[in-house]
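Q: I would like to learn how to read a few features of a model. Can we go through them in turn?

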Amino acid sequence: EELDRIVREVNVFARVSPDHKLLLVERLKAQGQIVAVTGDGVNDAPALQAAHLGVAMGRSGTDVAREASDMVLADDNFASITSAVEEGRVVFLNIRKVTYFLLSTGVGLVLTILSSLFGGWPLPYVAAQVLWINLVTKGLQDVSLAFEPGEPGLLREPPRDPSEGVINRPVLQRMVWIGLFMAVGTMAVFWWILRQEVSLELARSVAMTQMVMFQFFHVFNCRSLHRSLLGINPLGNPYVVGSVTLALLAHLAILHVPWLQAVFETEPIPLSVWGVIVAVSLTILAVAEFDKVLMRRRREEQTALQDRAQEETA
């Protein structure tokens, strides 16, 4: 008990033996801490092996230390550890962003089909159109999100709970209701165009285009899960802009190229209808921005509560 208290309060331990290092690692782990150990000698091997992450020196380290470690610093520079932590956070966040984008748009797509089935409406898409949405228009954008650069202040964020998965509760909630919003918007436009007494092929072309345009705008929301879109450099990730442009050109092709029209059962969409589609699609930006404001407020409240609890404990 005394050692556990000392470990929590003391930052530097000098003149320690190998068994002391191992004991310190074990006590920190017992307190729920994530422990990393750096070392280069034979006597560091037990602590390197026991830590969650053992880091050995690549140049000056012994073979025993390198074998006992999970990671080897090729340049023996501790700054490389900081760079690795930052890059790891960037990769994890990008995986979360891509997953959120894919699942939220997938939820919207599924809900439109289910709602048409239960409502006795014609299906808003044929099978080829569903494949087009998933593999082409959405497939280009999720790849581009993986190249999103790191957000400012990433290393100042508190450590993530190791038990937290890629999809945590806030992201899951947002994924469901953003998907629901896209489904409602798409079905509303589909219902509106059906009332114009147009062909079913044109109505399905409009519904498919509405879902595709929702995705085009939503991918910009997904560039950050909490920062406002207004505070993000629009050219910070040129791959997103390029993927949206390519996907839009490809989508226009299946609407206007005759042999592609035959494959995907589409028709050209009148310009006036395009105006409605774009206007409805833009609403997803406002919805996502409102959700980000609520998320930032919740994070600020949680941080304030944590700071207050720490002050009371001190």
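This is a predicted model: local features need pLDDT of at least 70, side-chain atom pairs count only at pLDDT 80 or more; totals for chains, interfaces and linings use all residues.

Q: Leaving aside its neighbours within four places in sequence, which residues is Phe190 in contact with?

A: Contact means heavy atoms within 4.5 Å. By that rule Phe190 touches Trp121, Pro122, Leu123, Pro124, Ala203, Arg204 and Ala207. Residues are numbered from 1 along each chain as its sequence is written, and side-chain values use heavy atoms, with hydrogens and water left out.

Q: Is Phe190 buried or exposed?

A: Buried means under 20% relative accessible area, exposed over 50%, and partly exposed in between (1.4 Å probe, protein chains only). Phe190 has 0% relative accessibility, so Phe190 counts as buried.

Q: How many aromatic pairs are there?

A: Rings of Phe, Tyr and Trp (its six-membered ring) pair if their centres lie within 6.5 Å; planes under 30 degrees apart count as stacked, over 60 as edge-to-face and the rest as tilted. The count is four. In one of them, the ring centres of Trp132 and Phe264 are 5.1 Å apart and the planes stand at 65 degrees, so this pair is edge-to-face. Both Trp132 and Phe264 are buried.

Q: Where does the charged end of Arg160 sit?

A: A charge sits over a ring if NZ of Lys or CZ of Arg is within 6 Å of the ring centre and within 35 degrees of the ring normal. The charged end of Arg160 lies over the ring of Phe92, 3.9 Å from its centre.
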